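I opened a new notebook page for this one. My entries follow in the order I looked things up.

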Amino acid sequence: MSEQEVWFLTGSQELYGQETLNQVAAHAREMAAYFDTQGRLPVRVVCKPTLTGPDAIHRMCLEANASPACVGVITWMHTFSPSKMWIRGLTQLAKPMAHLHTQYNRELPWGQIDMDFMNLNQSAHGDREFGFVVARLRLEHKIVVGHWQDADVIAELGSWCRVARAAAESRSLKIVRFGGMNMREVAVTGGDRVQAEIQFGWSINGHAVGDLVQRLSEVRDAEIEQQVAVYEATYTLAPSLLRGGEHRENLRHAARQEIGMRAFLTEGGYGAFTTTFEDLYGLNQLPGLACQRLMADGYGFGAEGDWKTAALVRLMKVMSAGRKGGVSFMEDYTYHLVKGEEKVLGAHMLEVCPSIAEGKPSLEVHPLDIGGKAAPCRLVFSAGAGPAVAATMVDMGGRMRLIVQEVDALRPEHAMPKLPVARALWVPRPDFKRGAHAWLLAGGAHHTAWSQAVTAEELEDLAAILDIECVHIGHGTDLAALKRELRWNDRQG
Ligand code: MN
């Protein structure tokens with residue numbers, strides 16, 4: 001991932017003469033080097049030669065498209081760059097673009113300002129000319145405004161780089177569905193896989209559970225011993241899982257599942273996967289611990305065949321890499337509806353990612369009421385407090401809709417000693433009543449990718465790059481306006 005880069009493209013024109021162009025190039029190099037220093041941005045920043053004509057611009061855009069390392073381009077017009085020159089290149093550009101609206105010189109030199117200064121520092125109108133043509137072309141892009149050394153500008157560019165990285169991941173994402181099916185009769189977990197591959201690049205294919213069972217059978221005892229030792233070192237084990245305990249074999253089987261699934265995913269080049277409790281043929285238990293730990297290592301996951309959420313979890317893992325806080329598959333499970341204290345208790349049968357855990361998870365084993373298999377092992381923990389997002393993608397028939405809700409996670413006030421699964425507690429924004437109402441209006445699923453490490457704005461930017469509708473539910477949501485937005489979007493789509 002550290003090999004990925006964004007290209008810094010500076011626009012100008014030949015009118016100003018070589019001396020000015022030399023200064024433009026020197027400034028661009030200095031700025032790109034600043035962004036590239038000390039990991040200020042999460043990818044490398046490569047300065048490209050100043051662009052002064054349509055052929056060079058066109059060539060640069062094609063080179064960006066062809067470069068596997070380049071995840072996006074940052075454009076900036078140091079001087080005036082007549083923007084008809086950009087049309088041929090920009091209409092071909094297939095990589096994400098951020099327009100950095102900045103100026104090399106921060107402070108106006110009040111006592112010394114002359115026309116040389118004015119002619120060099122003209123992004124105030126050069127960037128407006130560029131902005132017009134981008135708007136005229138209806139190109140989705142990010143705009144970042146401010147002096148290039150300001151912390152907020154660096155943070156916004158950094159966020160966009162993370163989104164661009166996720167968009168690059170999307171283009172090559174392979175998703176395997178163990179059992180190859182959705183939960184029977186469930187609507188929201190389905191969708192058009194061909195459309196998803198055309199639009200996002202996701203390759204989504206099923207494998208018989210028997211293929212996985214075969215891989216599990218190849219796991220050696222010594223590997224299982226090693227894996228169980230990792231569990232013992234990392235988690236607090238329930239007494240029945242300890243050596244000699246009643247469920248020690250269940251733990252050894254969970255280890256076999258983790259090793260076998262990890263091998264299957266690695267060997268197949270998969271970045272995300274789904275399971276379904278309706279097809280556990282030949283599996284001794286529903287994989288719980290394995291799914292949790294694979295998610296924690298960056299794999300996307302969706303239960304019940306939910307490949308859309310699996311992909312979203314993976315893309316959000318890429319976006320949040322290196323940040324505090326985690327990303328998990330999640331389900332809106334049950335409610336606390338005491339007036340004035342309303343909140344959501346989120347969990348799943350087993351598969352919540354320990355990257356969102358506060359404190360050390362406990363490793364437990366409990367029977368599962370559905371599926372009719374051996375008691376599966378799982379990590380039990382609670383997510384911590386703080387702002388978070390819940391995101392889901394739904395297939396509206398002919399088009400995908402990303403729904404992003406800002407939520408506020410709460411530390412549980414009460415112990416839940418009989419709840420045998422990991423959980424998170426939150427209040428949707430703008431408040432429980434309107435937040436849940438808005439989610440239902442938009443057709444949001446019960447499955448989400450849930451995170452304290454990704455922002456709603458980053459997900460909106462991802463939707464823009466993927467060219468899909470995004471419904472953002474947050475503190476400013478007004479139900480009447482949302483209804484109109486959805487109605488207009490549905491009529492257009
Ligand atoms: Mn579910």
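At what angle do H10 and helix H11 (residues 289–296) pack, and how far apart are their axes? I found an angle of about 45°, with the axes of H10 and H11 8 Å apart. That makes H10 oblique to H11.

Before going on, I noted the ground rules. This is a predicted model, where local features need pLDDT of at least 70, side-chain atom pairs count only at pLDDT 80 or more, and totals for chains, interfaces and linings use all residues. Residues are numbered from 1 along each chain as its sequence is written.

I also wrote down my terms. Helices (H or I, at least four residues) and strands (E, at least two) are DSSP runs, numbered from the N terminus. Axes are lines fitted to C-alpha atoms, for helices over the stretch in contact, and angles run from 0 to 180 degrees between N-to-C directions. Angles under 35 degrees count as roughly parallel, over 145 as roughly antiparallel, 65 to 115 as roughly perpendicular and the rest as oblique.

**Entry: H10 and its partners**

I looked at the crossing next. On the H10 side, I listed Ala254, Gln257, Glu258, Met261 and Arg262 in the contact. H11 brings Leu289, Ala290, Arg293 and Leu294. Contact here means that C-beta atoms, placed from the backbone, lie within 7 Å. I sorted the contact of H10 with H11 by class and got 5 nonpolar, 1 polar and 3 charged residues. For the classes, Ala, Val, Leu, Ile, Met, Phe, Trp, Tyr, Cys and Pro count as nonpolar, Asp, Glu, Lys and Arg as charged, and the others, Gly among them, as polar.

Then I turned to helix H8 (residues 209–217). H8 packs on helix H10 (residues 248–268) at about 115°, with the axes 8 Å apart. That makes H8 roughly perpendicular to H10. This crossing of H8 and H10 is right-handed. From H8, the contact takes Leu212, Arg215 and Leu216. From H10, I noted Arg256, Gln257, Gly260, Met261, Ala263 and Phe264. By class, the contact of H8 with H10 has 5 nonpolar, 2 polar and 2 charged residues.

**Entry: sheets**

I traced an open sheet of 4 strands in the order S7-S6-S9-S10, with parallel pairing. Two strands pair if DSSP finds at least two bridges between them. Strand S7 (203–207) and strand S10 (300–302) stand at the edges with a single partner strand each, so one side of each is left without a neighbour in the sheet. The twist averages 20° from one strand to the next. I counted 3 bridges from strand S9 (residues 272–274) to S10. Thr274 has Gly302 of S10 as its bridge partner.

I found another open sheet, with 3 strands in the order S8-S13-S14 and mixed pairing. Its S8 and strand S13 (residues 362–365) run parallel over 2 bridges. Thr236 is bridged to Ser362 in S13.

**Entry: strand S4**

How many residues of strand S4 (residues 97–101) are buried? I got 5 of its 5. Buried means 20 or more other C-beta atoms, placed from the backbone, within 10 Å of the residue's own; 12 or fewer is exposed, and in between is partly exposed. Met97, His99 and His101 cover one side of S4, and Ala98 and Leu100 the other. Strand S3 (residues 70–77) runs parallel to S4 and is joined to S4 by 3 bridges. One partner pair is Ile74 and Ala98.

**Entry: loops**

I placed Thr79 in the loop between S3 and helix H3 (84–90). Thr79 is buried, because 23 other C-beta atoms lie within 10 Å. Leaving aside neighbours within four places in sequence, its contacts include Ser12, Tyr16 and Leu120.

Thr91 sits in the loop between H3 and S4. Thr91 counts as exposed, with 11 C-beta neighbours inside 10 Å. Thr91 and Arg138 are 47 residues apart in sequence and 9.9 Å apart in space, C-alpha to C-alpha.

I checked the backbone last. Most residues other than glycine have a negative phi, and most peptide bonds are trans. Arg138 has phi near 55°, a positive value. Gln38 also has phi near 55°. The peptide bond from Arg429 to Pro430 is cis, with omega near 5°.

How values were computed. A crossing is left-handed if the near helix is turned anticlockwise from the far one by less than a right angle, and right-handed if clockwise. Two residues are in contact if their C-beta atoms, placed from the backbone, lie within 7 Å.
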